[in-house]
Amino acid sequence: MSTATNAGRAEPSVEQVPVLIAGGGPVGLTLALTLAQHGMAAMLVERNPSTTTHPKMDITNGRSMELFRHLGVADELRTVAVPEEHGFDVSWVTKLNGWELARFRYPTVEQRRGLIRDCGDGTMTREPAMRVSQVLLEPALKNILETRAPQIDVRYGWGLDSFRQDDNGVDAVIRSSATGETRTVRAQYLAGCDGAGSVVRKGLGIGLDDIDLRRLAVRELGLRRLVPAFIRAYLGDRETPMDGRVYLIHFTSPDRELLERFGTAWHTQSPEGWTLISQNDRDCWTLHTLLGAGVDADAIDPKQFLFARLGIEFDCDIIVANAWRPRLSLADSYGRGRVWLAGDSAHQVVPTGGYGMNTGVADAFGLGWMLAAIVQGWGDHRLLEAYEAERHPVAERNRTASARHTLVRLAIKTAHHKTIHSEGWHGERSRRRLGREILDLGNLENEADGIEFGYRYDSSPVICHEPHTAPAAHMHAYTPSTQPGARPPSLFLEDGQAIFDLFGTGFTLLRFDDIDVDALVAAAAERGMPLKVVDIRDDHARALYQRDLVLIRPDHHVAWRGNAVTDRSDTVLDRVRGAAPAWPIPTTQDRPTRLVDQPGRRNIPAPRPRLVDSTN
Ligand SMILES: Cc1cc2nc3c(=O)[nH]c(=O)nc-3n(C[C@H](O)[C@H](O)[C@H](O)COP(=O)(O)OP(=O)(O)OC[C@H]3O[C@@H](n4cnc5c(N)ncnc54)[C@H](O)[C@@H]3O)c2cc1C
């Protein structure tokens, strides 16, 4: 086989590595940590000399935190995050010199830990979400990698230039950003974690499917709602309709009291189309504002823009200010042969909901164990086929959710009238109505547990599927289940131990009753598969886990479950390590692929919110 593509000229010396990772963003770093946990060596090249200076991601969700916990890095990452006693409130305001319209209150990490301990129904995460800026998370991940994983060769200031794959490996040319020097690396596998403009994706000739946000807004919200809103905005402030760009201003300020006039909030957002993110609840914030068509971003004075949006003037230093364009894109494929994509190279979403990095972290965790299994010889090629079959639908689902949340934000923007800024009864009535509307629409973007925890690998060829038993998928809620392909429920056992903390690095067989599993253990040993048997005698846990035996994969998804080890042990193990023909995959009718609580055309869940006119 010889697929791609754009190999360039290289120096004669060739370095050999099992896995070459292109890109040292959060996903590349997580993949490197995952490989290290499986005892693998790898090289990570990052074209920039240092980690990002752009404050992109600000929420690491509960699922990513569970995975970081399993990598043994969650506590260390929390040391750079917003302190645990701080909340996650989302506040809607007219402006900072105006009124608060609505507030969604959320517990602190500390309070959530208590809730998790008290809740035994399996609906909760093992680790609460973490507020942290990507500017801080990336150096923390890099530092852990460099200090704890000597087998990972981390090279910042080196970019992937080109690559060519054959049946046995990948020849990659890397280039020093400082000197232009090139070197050739021979890798068994190449992972493209190189972000939205991915050299790897382009080298493979993989296209992107884009959803145009403006068209989506027209289709789902309707011109009857949008046109009057555009006219009002134009007549009021000469504001032109949005053209898909967002202007970012990242700044520090000592004037916390002014900026937190309505109390501390993680996100303060306005129906005028801006969001102020508190990065540390102390002295650092980021403002994101929708830009109108024809606005020249280069001509914007960031400070004046900031003051005009927020309605107040204060002391501040601008760190970064620029325009950027959110996207809803999904790669047609996740890779082929020996070259695979993870993170933004495969999918890009609007930040509402926080599904960008978080989807990528789970990609990395999945790809990491599969590459390790294949390189170490206990996994087979079908695992990589499974990687695409598992992760592509998740990215599609998360893109749908991101689009849905964005439409809600736009719906609120189109519902607002300038009267919300007026004193007197007219303004009061307008604000009350809009506030009620915002509360009615809800804040699912920060509450969609079904999206974060309820994804399931229903199309995977390496899962022992049980058609007809799958619980329905909901966007808002996670239904605890050990349906094969699902993330199993997290709970604390009677002895106080968290069940997730018992899972091993390889496969884990949870045994809830005295059942002879020797045949399965022997079959795993024959194949060199790492398998840990964990005995649990806990009626409540057994009830939640639904079977006496549950086989958990290294990425914490259920591979198989049953009440006895049958003579099919070999078949089951060969299936889950990618060495057997696929288990019959349930038909579409068997699988709830739709998010059942979110109807809409083309499976884009139209919020169809009840939008009252805020002046009436
Ligand atoms: C404003 C904003 C807010 C966001 N908020 C959230 C949030 O709250 N939660 C969330 O989950 N996501 C959020 N995201 C999305 C998140 O930032 C991205 O999904 C995340 O950065 C993707 O990580 P990545 O490692 O895949 O890609 P990137 O972060 O883009 O990293 C790719 C890396 O590859 C490097 N690279 C590129 N080409 C090469 C090459 N040829 N060779 C070597 N290196 C290369 C780049 O320099 C870069 O460092 C947000 C994004 C934005 C813009």
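Trainee: What is the average pLDDT of the protein?

Mentor: This is a predicted model, and its average pLDDT is 92, with 92% of the residues scoring at least 70. Over residues 1-11 the pLDDT is below 50, and the model gives this stretch 35 contacts beyond near neighbours in sequence. Residues 587-616 also stay under 50, with 61 contacts beyond four places in sequence.

Trainee: How do I read a nonpolar core, and which residues touch the most other members of the largest one?

Mentor: In soluble globular proteins, nonpolar side chains tend to be buried together. Here the largest nonpolar core has 110 residues, and Val19, Leu20, Ile21, Ala32, Leu190 and Ala191 touch the most other members. Helix α11 gives the largest share of this core, 12 residues. A second, separate core has 41 residues, including Met242, Leu259, Tyr355 and Leu407.

Trainee: Which residues is Ala32 in contact with, leaving aside its neighbours within four places in sequence?

Mentor: Ala32 contacts Ile21, Ala42, Leu44, Leu145, Ala149 and Ile152.

Trainee: Is helix α2 mostly covered or mostly uncovered?

Mentor: A residue counts as buried when 20 or more other C-beta atoms lie within 10 Å of its own. In α2, residues 62-70, eight of the nine residues are buried. They are Gly62, Arg63, Ser64, Met65, Glu66, Leu67, Phe68 and His70. The elements covering them include β3 (59-60), α3 (74-78), β6 (130-131), α11 and α14 (449-453). Just after α2, Gly72 has a positive phi of about 80 degrees.

Trainee: How do I describe two packed helices, and at what angle do the axes of α7 and α8 cross?

Mentor: Two packed helices are described by the angle and the distance between their axes. The axes of α7 (residues 213-221) and α8 (residues 223-237) cross at roughly 115 degrees and come within 7 Å. Ala217, Val218 and Leu221 in α7 meet Leu223, Arg225 and Leu226 in α8. By class, the residues of this contact are five nonpolar, no polar and one charged.

Trainee: Which residues come nearest to the ligand?

Mentor: Of the 33 residues around the ligand, the nearest are Gly23, Gly25, Gly195, Gly343 and Gly356. The elements giving two or more residues to this shell are α1 (26-37), β2 (42-46), β8 (158-165) and α11 (356-376). Helix α11 gives the largest share, four residues.

Conventions
Residues numbered from 1 in each chain as written. Axes fitted to C-alpha atoms, helices over the stretch in contact; angles between N-to-C directions. Contact = placed C-beta atoms within 7 Å. Nonpolar A, V, L, I, M, F, W, Y, C, P; charged D, E, K, R; others polar. Near = placed C-beta within 6 Å. Core = buried A, V, L, I, M, F, W, Y, C linked by C-beta atoms within 7 Å. Buried ≥ 20, exposed ≤ 12 C-beta atoms within 10 Å, placed from the backbone. pLDDT = per-residue confidence, 0-100.
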